[in-house]
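The sequence and coordinates are shown below for reference.

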Amino acid sequence: MTWMVIRLVLCLAFVGGVLLFASRVAQKRGLGGTTGVIEVVARQRMGRTSSVSVLRVAGRVLVVGSTEEQVTLLAEVEDDELATALASATGPAATAVD
């Protein structure tokens, strides 16, 4: 029984080490990290496989719809319009909590 527990702990330590190694290799190669070019401002699911996202890409604000098969540009909005919409969306919620 003791040998099984020791073997379980060693296996878990090995798997954790492999995951740590893989994450460091991914960071060195630039995988999974943020580059600062594309920022997801907001995302709303519309169904099981569809969603609408607001993206800031190189200073432009894009509203895109995405499904399993495609991504479609729905609109392009101005940055000040986005700031106004975000402030109105978070403003009442913040005052209701206070």
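## Basis of the description

The model is predicted: local features need pLDDT of at least 70, side-chain atom pairs count only at pLDDT 80 or more, and totals for chains, interfaces and linings use all residues. Residues are numbered from 1 along each chain as its sequence is written, and side-chain values use heavy atoms, with hydrogens and water left out.

## Overall architecture

The chain contains 2 helices and 4 strands, where helices (H or I, at least four residues) and strands (E, at least two) are DSSP runs numbered from the N terminus. Along the sequence these elements follow the order α-β-β-β-β-α.

Of the 98 residues in the chain, 11% are buried; buried denotes under 20% relative accessible area, exposed over 50%, and partly exposed the range in between (1.4 Å probe, protein chains only). Among contacts (heavy atoms within 4.5 Å) with a separation of 6 or more, 6% join residues 24 or more positions apart. The accessible surface amounts to about 8,200 Å², and carbon and sulfur atoms contribute 63% of that area; such areas come from the Shrake-Rupley method with a 1.4 Å probe, and for residues only the protein chains shown count as cover.

## Helix 1 and the segment before it

Helix 1 covers residues 2–29, and its end C-alpha atoms lie 41 Å apart, in agreement with the 40 Å that its 28 residues should span at 1.5 Å a residue. The expected span is 1.5 Å times one less than the number of residues. Helix 1 is hardly covered, with a count of 0 buried residues among its 28.

M1 belongs to the segment before helix 1 and is exposed, because its relative accessible area is 78%.

S53 lies in strand 2, residues 51–57. S53 counts as buried because its relative accessibility is 6%. Apart from neighbours within four places in sequence, S53 is in contact with A42, R43, L62, V63 and V64.

Helix 2, residues 79–97, contains L82. With a relative accessible area of 8%, L82 is buried. Residues up to four places away in sequence aside, L82 touches V41, V54, R56 and V61. V41 is 41 residues from L82 along the chain, and their C-alpha atoms are separated by 9.3 Å.
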